[in-house]
Amino acid sequence: MKRNVVAWTTMINGYILAGDLISARRLFDVAPERDVVPWNIMVSGYIEDRDMVEARKLFDEMPNRDVMSWNTLLNGYANNGHVEALERLFEEMPKRNIFSWNALIGGYAHNGLFFEVLSAFKRMLSESVVPPNDATLVTVLSACVRLGALDLGKWYMCIYAESHGLEGNVYVGNALMDMYAKCGIIENAIAVFQGMKTKDLISWNTLIGGLAMHGRGADALNLFIQMKNAGQKPDGITFIGILCACTPMGLMEDGLAYFQSMFHDNSFVPQIEHYGCMVDLLARAGRLEQAMDFVRMMPVEPDGVIWAGLLGACRIHKNVELAEVALQRLIELEPNNPANYVMLSNIYGDAGRWEDVARIKVAMRDTGFRKLPGCSLIEVNDAVVEFYSLDERHLEREEIYGVLRGLVKILRSFGYVRDLTRIVQAT
């Protein structure tokens with residue numbers, strides 16, 4: 001075989017795929033001819049190895065860089081959590097394409113910076129001649145979901161998705177369904193689903209999960225039947241939605257049958273999320289002892305989510321003894337989470353055990369951690385505003401609390417009485 005640049009590049013890439021960066025770099029350094037492709041591949045290798053220092057060093061040594069070179073490093077910073085470096089590199093770029101903008105927007109989303117996702121998208125629309133594609137809109141709609149920014153998501157969909165012919169795109173449709181379902185408009189999610197010419201597994205899973213989340217368990221189970229009749233094979237996420245659909249209706253036998261069908265009919269190995277759904281189903285139905293037996297028989301170690309679900313069910317059904325067991329397990333798993341202490345304190349308060357309430361408050365204080373205040377997000381003038389419980393930082397706090405006091409007066413005029421017995425201070 002002739003040793004041309006393609007052969008050298010193939011060997012370098014082979015070493016990288018095998019996880020041998022040292023041999024890949026040694027071969028790269030002695031290659032007699034290198035175009036931009038082996039340079040990009042070698043940079044990608046360091047990125048995959050999470051060595052962004054060496055990736056940037058090699059990038060700076062490149063004699064010729066194309067837009068793909070810049071995008072490769074952009075994605076590396078985004079996926080490895082280096083947001084500031086991502087932003088600096090983006091500003092340095094001499095030329096940007098759709099993948100450059102998607103790397104920035106996706107990088108913000110990957111690192112939980114959802115406000116920045118919307119800001120970057122607005123900047124893209126005002127500065128760039130490159131139109132958004134389906135990947136852009138999916139990321140933006142997902143950010144709208146996380147922020148509860150329904151109106152912004154609808155506006156982006158109407159203005160950009162439809163004008164660019166993306167309203168029929170299955171990925172955009174899935175993201176739009178997810179937004180409507182999680183923002184409380186399940187009927188719109190159903191309409192999107194029904195209007196989709198092409199549906200994939202995610203389409204079915206999104207609507208099944210959305211119906212279950214809205215307490216429409218019967219509709220979710222009926223959709224599952226339609227899914228199977230359409231020839232779509234379910235996966236583990238499908239069964240999470242199905243088990244969640246059984247919970248509000250108390251369908252314990254049906255839930256157990258679906259759980260067992262994962263083994264027998266679909267050859268799935270249930271994961272901890274599926275076991276958690278079953279524990280939640282039993283516990284919410286008041287079968288707390290049966291739920292505990294299920295936890296003991298699980299082939300995987302129960303995590304904090306399962307024990308927290310049990311603790312919450314213990315409050316609903318006023319089972320103090322099991323609540324104490326659940327809290328003990330939670331302390332072992334999450335010793336620094338004060339919310340668990342607050343839950344048990346509320347259970348003690350419901351039972352009138354005020355000495356135990358005081359004891360738990362002292363134990364919580366001894367951890368040195370405080371429960372994070374509740375947070376709400378609302379849309380105001382095409383922007384998302386964040387509020388915390390007892391927030392004193394907002395510039396218009398006097399006007400806000402004035403309106404709140406007025407609302408409380410109106411509620412009291414209709415006979416509202418605040419239930420102080422359920423309020424437990426976390427201090």
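Arg284 and Asp280 form a salt bridge in this predicted model, with their closest N and O atoms 2.9 Å apart; the term is used here for a side-chain nitrogen of Lys or Arg within 4 Å of a carboxyl oxygen of Asp or Glu. The two residues are four apart in helix H17 (residues 272-284), so about one helical turn separates them. Helices (H or I, at least four residues) and strands (E, at least two) are DSSP runs, numbered from the N terminus. Arg284 is partly exposed at 48% relative accessibility, and Asp280 is partly exposed too, at 23%. For these classes, buried means under 20% relative accessible area, exposed over 50%, and partly exposed in between (1.4 Å probe, protein chains only).

Both partners of this bridge also meet a residue from another helix. Thr247, found in helix H15, touches Cys277, Asp280, Leu281 and Arg284, leaving aside residues up to four places away in sequence; contact here means heavy atoms within 4.5 Å. Thr247 itself counts as buried, with a relative accessibility of 12%.

Residues are numbered from 1 along each chain as its sequence is written, and side-chain values use heavy atoms, with hydrogens and water left out. Because the model is predicted, local features need pLDDT of at least 70 and side-chain atom pairs count only at pLDDT 80 or more, while totals for chains, interfaces and linings use all residues.

Across the whole structure, the search finds 16 salt bridges. One of them joins the side chains of Arg123 and Glu91, at 2.8 Å from N to O. Arg123 belongs to helix H8 (residues 114-127) and Glu91 to helix H6 (residues 83-92), so this pair ties together parts that are 32 residues apart in sequence. Arg123 is partly exposed, with a relative accessible area of 23%; Glu91 is partly exposed as well, at 47%. Asp356 and Arg353 supply another salt bridge, again 2.8 Å from N to O. Here Asp356 is buried, at 16% relative accessible area, whereas Arg353 is partly exposed at 30%.

Helix packing can be followed in the pair H14 (residues 217-229) and H15 (residues 236-249), whose axes come within 8 Å and cross at roughly 150°. Axes are lines fitted to C-alpha atoms, for helices over the stretch in contact, and angles run from 0 to 180 degrees between N-to-C directions. H14 and H15 are therefore roughly antiparallel to each other, on a scale where angles under 35 degrees count as roughly parallel, over 145 as roughly antiparallel, 65 to 115 as roughly perpendicular and the rest as oblique. Their crossing is left-handed, a label given if the near helix is turned anticlockwise from the far one by less than a right angle (right-handed if clockwise).

On the H14 side, the contact is made by Gly217, Ala218, Ala220, Leu221, Phe224 and Met227, and on the H15 side by Thr238, Phe239, Ile242, Ala245, Cys246 and Met249. By class, this contact has ten nonpolar, two polar and no charged residues. In that count, Ala, Val, Leu, Ile, Met, Phe, Trp, Tyr, Cys and Pro are nonpolar, Asp, Glu, Lys and Arg are charged, and the others, Gly among them, are polar.

The loop between H14 and H15 contains Gln232, which is partly exposed with a relative accessible area of 23%. Gln232 touches Asp200, Leu201, Trp204 and Met227, residues up to four places away in sequence not being counted. The C-alpha atoms of Gln232 and Asn222, ten residues apart along the chain, are separated by 14 Å.

Arg50, in the loop between helix H3 (36-48) and helix H4 (52-61), has a phi near 65°, a positive value in a residue other than glycine, and is exposed at 58% relative accessibility. Lys318, in the loop between helix H19 (304-316) and helix H20 (320-333), has a positive phi near 55° and is exposed, with a relative accessible area of 55%.

Taken overall, the protein has 23 helices and two strands, and its C-alpha trace spans about 80 × 60 × 50 Å along the principal axes. Of its 427 residues, 41% are buried. Among contacts with a separation of 6 or more, 56% come from residues 24 or more positions apart.
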